[in-house]
Amino acid sequence: MQKKLTLGFIFALFVCVTFLPIVWMFGNSIYGDGGFSFVYYKDIFLTQKYIKVISNSLILASITALLSSFVGIPAGFFLAKTNLPFKGFFKMCFFIPLIIPSYTTGIAWANLLGKTGFLNNILSQYMLFSPESVSNFIYSIYGASFVLSINLFPVIMLITEYALKNLNPRLEESGLVTGSVFRVLRQITLPLITPAIISSMMIVFVLSLSEFGIPSLLQVNVLTTQIFTQFSAFYNEKAATAIALPLIAITFVVMTLEQVYLQGKSFEILGRRGSNSTIKYDVKWLSVVGVIFCTLVLIGCVIIPLSTLIFSAQTISAYHDAILLAKRGITNSVLFGSIGATFLTFMGFFLGYLSEKIQSRLRNSTALFIWLFFAVPATVLGIGLIKLCNRPEGIFQFIYGSLWIVIIGYVARFSPLSSRIMANYLKQIPHSMEEAGTVIGASWYRILGNILLPLQSHGLIATWLISFMFCIGEMGTTILVYPPGHETLPITLFTVMANSPANIVSALSIIIVVMTLLPVGVFLAISKYLIKSQIAQ
Amino acid sequence: MKFITIALTTLFMLAKWCSAGNEVIVYTSEDQIFAEPILQEFEKKTGIKVRAIYDTEETKSTGLVNRLIAEKDNPQADVFWSNDPVRPVLLQIKGLTTPYVSSVAADIPSIYKDVDGHWTGFSARARIILYNTNLVNMDERPLSIFDLVKPKWRGQVAIANPLFGTTSIHMAALFIALGDEKAKKFLNDLKANGVKIVSSNSEVKRLVARGEVKMGITDTDDAHMAVKEGVPAKEVFPDQSTIGTFIIPDMVSLIKNSRNQENGKKLIDYLVSSTVERSLAWAPCAHMPLRYGIKTPPDVLTLDAVKGMNINYPDVAAKLEKITEFLKQWAGY
Amino acid sequence: MNALEVKHLIKCFDGKEVVSDISFNVEKGQLLALLGPSGCGKTTTLRMIAGLDTQNDGEIWIEGVLASHGSKSLIPQRLRHIGMVFQDLALWPHMTVCENIEFGLKAKGLAKTERQKKIDAVLTKVKMQKYANEYPSRLSGGQQQLIAIARAIVTEPKLLLMDEPLSNIDVKLREEVRQEIRRIQHETQITTVYVTHDQEDAFLLANKVVVMNAGKVEQIGNTEEIYSFPKSLFVANFVGESNVIEVKIVGKDKVSTPWGEFACNTKGHEKESAFLFFRPHQARIEKGGQFDGVIVNRNFVIDGYMYRISTSGGEIKVQDLAKYEVGQSVKFSIKKMEVLFF
């Protein structure tokens, strides 16, 4: 009973927070002037106009998913499976691309590859590319995919690493007895983690589908920029919402394909671990290749954007000015981010439980349902939240006028993500762990508090950290709903960006990176200590 | 359970109750670094707490106007301070503003004010050509936007996406000044000449500053910031001998049915005062005062020294709505 | 009164019946074994008794009270008083032995001193006192097993359910743990249902055995009945090594077999198809044997050798003390046999 009530409550909460605003927007888009009309949808499905845009969106998302797995899978492999030197350092650094505002990465690479850029000069001098063609590359769908993959590859890296670490070592051992490292890799390890890779690629696919900043900066015409145009040039929220429909359709198709693919695939990869060990390929050349690879990735994805920022911040006084500007943003971001991440972890746990642990035919559709609206742009959600929450009644006024509207925005945007991460961890505990408590006759809350949550401490921490990073970076929804005085760091950055000296803007970006990594580091340290003292060994 | 209650209570304590006291809420699309000092000054003078929401550059987020429209049924903002002259007209059309004629603005030329007081203009920017002095000589610099279609500058001109912000307004003004046929031809020629359409005015500035293009059309504030940053670039007020340069005044409107109408009016009175016009002229954004006789820094022209386009702003707003579809196609969207 | 009574239990997964119309009962203090091959529905049956799954139809009575009827659960989990030992034990890795055991007591709302007393008692019973503060991962397989049992019985349940508890333990330890289970069950007199696919477990522990196959009960009886008088072809083949040969009764106490006709007690039947049933040790290889055959395979077993002999009636299994070579032609005779009708 407790279980049903709690899960039902959380699910209802999820529907209210994520679904209602968007459904409201869609309802609004077909209802007007006292009648229903599909005029905005006719355009999308009955004219040629949007075919190019939709295919652009698909191309952008597919190439990004592919490119980021080319980087993310090997990076995850080297981190999990080789004796890579400076492993911790690399891992920490590879978080940074996720944190740097994608816009900043975009500018950094646009500068480097632009006609007068440093890399452009090198490429055109030594590689026979014309400066035009290089600069055209970055201002194209491929350039946009390139920059997006730099930002998103950590997602694939993290999931790959996690899957590899949880591989049952016996499966690989049996291969290693007979075959070479390479063969084992190709024939055993890779196929075993394929489901995890597919699932991470799907996340990246949907994330890049909904990305607006980079396509807009590099002038790529995709669905999100179209939606933006409808909002900002035509002030037509109905048409804008209508264009979000293909995004939902694409997400639905991709999710369904993934489920069809995964159907009947054994989940041995995420199954119970035979022991606590992970097989490491202790081969020297592999470590060498790993170091080279990781260093290259580090340069391309971290050092280049970061050093452009550091370089253009120039003086210490720029940081001083930036901190003065961002003072409120810093406290707000850390506070809202922490609360948001806590709620997201909480929601993620129960939603993940729903989509993973419930024995019901509805289970698969639950996962699909949770993800359905993930690609809907933040703007549509933001406007939806305004319409839903901005009411004169007391409680609404309280929510809309306080930090809670920002938190609701975070939860609405990222609970699919947090539930997915949590679901992956939940897969790991056998059902019997919970059932053993049920049979004894313990209440579900007792089981939850004493068994499920403690067993999931690693998963909860990981979910919290990733949620925190996404929350701190969130801007599309927040900027539409935040009450005066509640601005977060990215909002400070973007409102200040217009006409502020470039060095202060850069310094501000650096502050964002530091302010995200700092709490993450502190949290990680505390939780490591807590877990160690809890499981004494 | 006890724990949860305590946790929730603490969290709710964190939420400040926001609607109390003597305050005014202003949404402004004027850049934060310029607007904030002005608003602080107002706070100091009147003791009214100003709570502001600033906008990003038009193309970086779906900004404030959409928020204002969405909040229509329960308006949060009392005052909208726009950095362009068209969006207030748009809000007026959508029925979001309420008339307020400020007596302080009496000496502002009437073309910058709505007769009924739905919007009042002050401090202005202008659309100018910014060129890179390392790549373009003083004597070959373009003096008219029509020079930009010359083969000489093929692929060397940048312009921001004409669907958004001041660029879109500029285009609408051109359509009025030239007539539809001529304006369309000009835009098509520009495109045929390989104009680079970039995301925003500051992108134009960035590309000119880095020498990736030789020149671009942008706003005076971007040009002034570029010069301040030591970039080898200079501005030209185009078409001084013909149609004139397009002038973009800031405008301020009172929002209908908002909670602090009286404070809102006080803020409007302050914003349209000559004090603010003066401050904005001396600020790095270098806004040109609409009033004559306000002392400005040497590099900030006053409106008597510039020939402005003779344009009625509500017409621009109406025109913009008509040509947006064309602009969308022109920009390749 | 029966401690547990199961009536006409039916369970479907995805429209497929995995448990169809199962009924049995257990008397108080007894141990009942559910024996059957994997996938026969025995674990599902156990889970329904535990209340972890709900049946589609049928009734479950615990100590004379209707616990569930159809898909309706009438006694909530916490009032069923059931202890369960899972196949993977499901010891909580983040709790010490003591905490693992204490969990159920806490859930029942017992006071601290009472809890401690019960934990001490149960640890003494399973002889694991000195491991109270260890984490389960530090214990051996057998020790973990005992802790899992301790956790299940500390609340003094009306019913103890065990799901293949010995399947993950190596053979040597198995015997020991099995003895422990027997001792503990005897001492505590807790009514127990024990699911296993291993007939040895069933025969050594159970007062009563229910043989299941493909979701159905094949036979219910004590170990001797099951072993000596199988009621179905499945039981005959599944329980112990056996030879089952199709024969025809051709007259009073006369059967026709692939090896020819001979006399045999046909239990009064005169004309019918039947099966000839004998265990490998009920046949003997000897010089003057009745039938011919060729040895095709020889395995060493604890007492003697197990031979597979190819005959005109197919391969049969014979156990013998003497050693013969593979390929050797031999004669054998059947010392004791049974004619069964299925």
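Let me start with the contact between two chains: 24 residues of chain A touch 27 residues of chain C. Please keep in mind that this is a predicted model.

Putting chain A and chain C together buries about 2,100 Å², and carbon and sulfur atoms give 62% of that area. On the polar side, five residue pairs are in polar contact between chain A and chain C, both residues at pLDDT 80 or more. The count of salt bridges between these two chains is one. Which side chains form it? They are C:R47 and A:E435, at 2.6 Å from N to O. On the side of chain A that touches chain C, α20 (431-440) and α21 (444-455) each supply at least two residues. The largest share comes from α20(A), with eight residues.

Now the aromatic rings. Over all chains there are 39 aromatic pairs. One of them is C:F203 with C:Y227, an edge-to-face pair with 6.1 Å between the centres and 85° between the planes. C:F203 sits in helix α7 (residues 199-205) of chain C and C:Y227 in helix α8 (residues 223-228) of chain C, so the pair ties together parts 24 residues apart in sequence.

In chain A, one aromatic cluster is made of A:F11, A:F14, A:F19, A:F369 and A:F373.

Last, charges over rings. The charged end of B:K184 is placed over the ring of B:F326, 5.2 Å from the ring's centre. In chain C, C:R151 lies over the face of C:W92, 4.2 Å from the ring centre.

How values were computed: Residues numbered from 1 in each chain as written. Chains lettered and ligands numbered in written order. Predicted model: local features only at pLDDT ≥ 70, side-chain atom pairs only at ≥ 80, totals over all residues. Heavy atoms only, no water. Phe/Tyr/Trp six-rings, centres within 6.5 Å; stacked < 30°, edge-to-face > 60°. Helix = DSSP H or I, 4+ residues; strand = E, 2+ residues; numbered from the N terminus. Lys NZ or Arg CZ within 6 Å of the ring centre and 35° of its normal. Contact = heavy atoms within 4.5 Å. Buried area = accessible area lost by both parts, 1.4 Å probe. Salt bridge = Lys/Arg side-chain N within 4 Å of Asp/Glu carboxyl O. Polar contact = N/O pair within 3.5 Å; in protein donor to acceptor, adjacent residues only side chain to side chain.
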